[in-house]
Amino acid sequence: VATALHVVDDADTIIVGVHDGRRWFGRVVAYSRAYDVAIVELDQDVPDAKLLPPFSGDVEIGETVAVIGHPFSGLEEQLPSLRGLLNWSLSQGVVSAVSGSWIQTDAAVNPGNSGGPVLNERGEVIGVVSAKLTQAQGIGMIARIKRVNELIPRIGQQGPPRKVVTFDGIEIGSLVNWLDDEAMDGLALGTGIRVMKRYPVRFRLGFLGGDIEPRASTIVAT
């Protein structure tokens, strides 16, 4: 199954579903970060699958294309009235621009469309939905299908696309230190990383300020 890498990147579990409700577990067997494409292998065969053929010719500006996907999929769980409207939906547009690796289209592309196929009028796949530019109208970016075809020789040659170390945010906190009935307060700053997605590592720096009067005459201050 071809998809966008950012859909399955760093995922613990991948489940691939089809329109009749059947589901299979999958795993990433080849990918490209440069072009945001990946190939997912299912844990068993799908004997009645109807495969969409890839297109190998030149894509022309102005030709009609269709995008299949799941825009805002899951929203129907909060709004049951939308059930049946957001999954397996289709939008239509034209090719707006073409480069060696990418296609621009004005077909409606929304969150949830990522990884869906972009088809020409003959039902051939010309690309995979990658992204929509934020603060833009009608600009969807499509990774050309030839970038998926280039992954085929890599199948089984790459490890999982999991990042070993990822940034895990910045934190600001307050500190209070009690000594008997007196206290000093201060400020703490910290940041963190996460190793193999599972193991958090934190770095913190704190400052306490204030005076506590000593109880013994031999101590000047603490």
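Strand 7 (residues 102-105) pairs with strand 10 in the antiparallel sense, over four bridges. Here, helices (H or I, at least four residues) and strands (E, at least two) are DSSP runs, numbered from the N terminus, and two strands count as paired if DSSP finds at least two bridges between them. The model is a predicted one, so to speak of local features takes a pLDDT of at least 70, and side-chain atom pairs count only at pLDDT 80 or more, while totals for chains, interfaces and linings use all residues. Residues are numbered from 1 along each chain as its sequence is written, and side-chain values use heavy atoms, with hydrogens and water left out.

Strand 10 also pairs with strand 9 (residues 125-132), again in the antiparallel sense, over five bridges. Strand 10 (residues 140-144) has four of its five residues buried, so the rest of the structure largely encloses it. Buried means under 20% relative accessible area, exposed means over 50%, and partly exposed lies in between (1.4 Å probe, protein chains only).

Next comes the loop between strand 7 and strand 8 (117-119), where Ala 107 is found. Ala 107 is buried, at a relative accessible area of 2%. Leaving aside residues up to four places away in sequence, Ala 107 touches Val 67, Ser 91, Gln 92 and Gly 93, a contact being heavy atoms within 4.5 Å. Thr 13 is 94 residues from Ala 107 along the chain, and their C-alpha atoms are separated by 30 Å.

Another part of the model holds an open sheet of three strands in the order 11-12-13, with antiparallel pairing. Strand 11 (165-179) and strand 13 (199-209) sit at the edges with a single partner strand each, so one side of each has no neighbour in the sheet. From one strand to the next, the twist averages 20°, with axes fitted as lines to C-alpha atoms (for helices over the stretch in contact) and angles running from 0 to 180 degrees between N-to-C directions. Strand 12 (residues 182-195) and strand 13 run antiparallel and are joined by eleven bridges; within strand 13, Gly 206 has Ala 188 standing opposite.

Finally, there is the loop between helix 2 (145-149) and strand 11, which is the place of Val 164.
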